[in-house]
Amino acid sequence: MADLEITRHFAASPKIVFAFVTRPEHLAQWWGPEGIHLGEHDLDFTRLGPWGSVMHGDEGATYKVTGQVLAIEEGQSVSFTWAWHDEADVRGDESKVTFSVYADGKGGTDFVMLHSGLPDDDSANNHEDGWTSSLVKLIAYAEKNAG
């Protein structure tokens, strides 16, 4: 098993960043790596229960991921399971993602994304590429919409 942790800093308050990473109207604006377009989805990390998204690449590939929101600490963190589906829509290995926000003491936010329980280092590296690209979109969204 392998874990992946990525930290980013935001000028916006923890309350705003938490909304950006949990509320459906915000998630839909940045979810998925650059060059990937969000299709049908049920992205809502404000409530326990199922979530899912289908993403489409410019080259026509489709990527489906689903899970369950497991825990919410309002304004602080949200945890959810994560599993990709294959071409036959069979759900693969399950891992866990946690988004956490921390006040930086200066009005901004330190954001931590922990993706744990990945099958191996190759999977962690692939997820690192995807999350890093997705967080570029989140940062751009936050800069445009936090103020």
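Analyst: Happy to! One term before we start: two strands pair if DSSP finds at least two bridges between them. Strands (E, at least two residues) and helices (H or I, at least four) are DSSP runs, numbered from the N terminus.

User: Thanks. What sort of model is this?

Analyst: This is a predicted model, where local features need pLDDT of at least 70 and side-chain atom pairs count only at pLDDT 80 or more, while totals for chains, interfaces and linings use all residues. Residues are numbered from 1 along each chain as its sequence is written, and side-chain values use heavy atoms, with hydrogens and water left out.

User: Got it. In what order do the seven strands sit in the sheet?

Analyst: The order is S1-S7-S6-S5-S4-S3-S2, in an open sheet with antiparallel pairing. At the edges are S1 (2-10) and S2 (36-42), each of which pairs on one side only. On average, neighbouring strands are turned by 25° against each other, ignoring direction. For that angle, axes are lines fitted to C-alpha atoms (for helices, over the stretch in contact), and angles run from 0 to 180 degrees between N-to-C directions.

User: What actually holds strands together in a sheet?

Analyst: Strands of a sheet pair through backbone hydrogen bonds, either parallel or antiparallel.

User: How many residues lie between S2 and S3 in their hairpin?

Analyst: Six residues lie between S2 and S3 there. The two strands run antiparallel and are joined by five bridges, and Asp 42 stands opposite Gly 52 in S3.

User: And how many bridges join S3 to S4?

Analyst: Eight bridges join S3 to S4, again in the antiparallel sense. Met 55 stands opposite Tyr 63 in S4. S3 and S4 also make a hairpin, with four residues between them, and Gly 60 in the turn has a positive phi of about 100°.

User: Is S3 enclosed or open to the outside?

Analyst: S3 (residues 49-57) is largely enclosed by the rest of the structure, because seven of its nine residues are buried. Here buried means under 20% relative accessible area, exposed means over 50%, and partly exposed is in between (1.4 Å probe, protein chains only).

User: Which residues of H1 are buried?

Analyst: They are Pro 14, Val 17, Phe 18, Ala 19, Phe 20, Val 21 and Thr 22. With seven of its nine residues buried, H1 (residues 14-22) is largely enclosed by the rest of the structure.

User: How many aromatic pairs are there?

Analyst: The structure holds 18 aromatic pairs. Take Phe 10 and Phe 111: their ring centres are 6.1 Å apart and their planes are at 90°, so this pair is edge-to-face. Because Phe 10 lies in S1 and Phe 111 in S7, the pair ties together parts that are 101 residues apart in sequence. Phe 10 counts as buried at 5% relative accessibility, and Phe 111 is buried at 0%.

User: What's the rule for calling rings a pair?

Analyst: Rings of Phe, Tyr and Trp (its six-membered ring) pair if their centres lie within 6.5 Å; planes under 30 degrees apart count as stacked, over 60 as edge-to-face and the rest as tilted. One aromatic cluster includes Phe 10, Phe 111, Trp 30, Trp 51 and Trp 131.

User: Last topic: how many salt bridges does a search of the whole structure find?

Analyst: That search finds five. A salt bridge is a side-chain nitrogen of Lys or Arg within 4 Å of a carboxyl oxygen of Asp or Glu. One of them joins Arg 47 to Asp 42, with the closest N and O atoms 2.8 Å apart. Arg 47 is partly exposed at 26% relative accessible area, and Asp 42 is partly exposed at 37%.

User: Which residues are linked with those two in a network?

Analyst: Asp 44 is, so the network of salt bridges links Asp 42, Asp 44 and Arg 47. Elsewhere, Glu 25 forms a salt bridge with Arg 23, where the closest N and O atoms are 2.9 Å apart.
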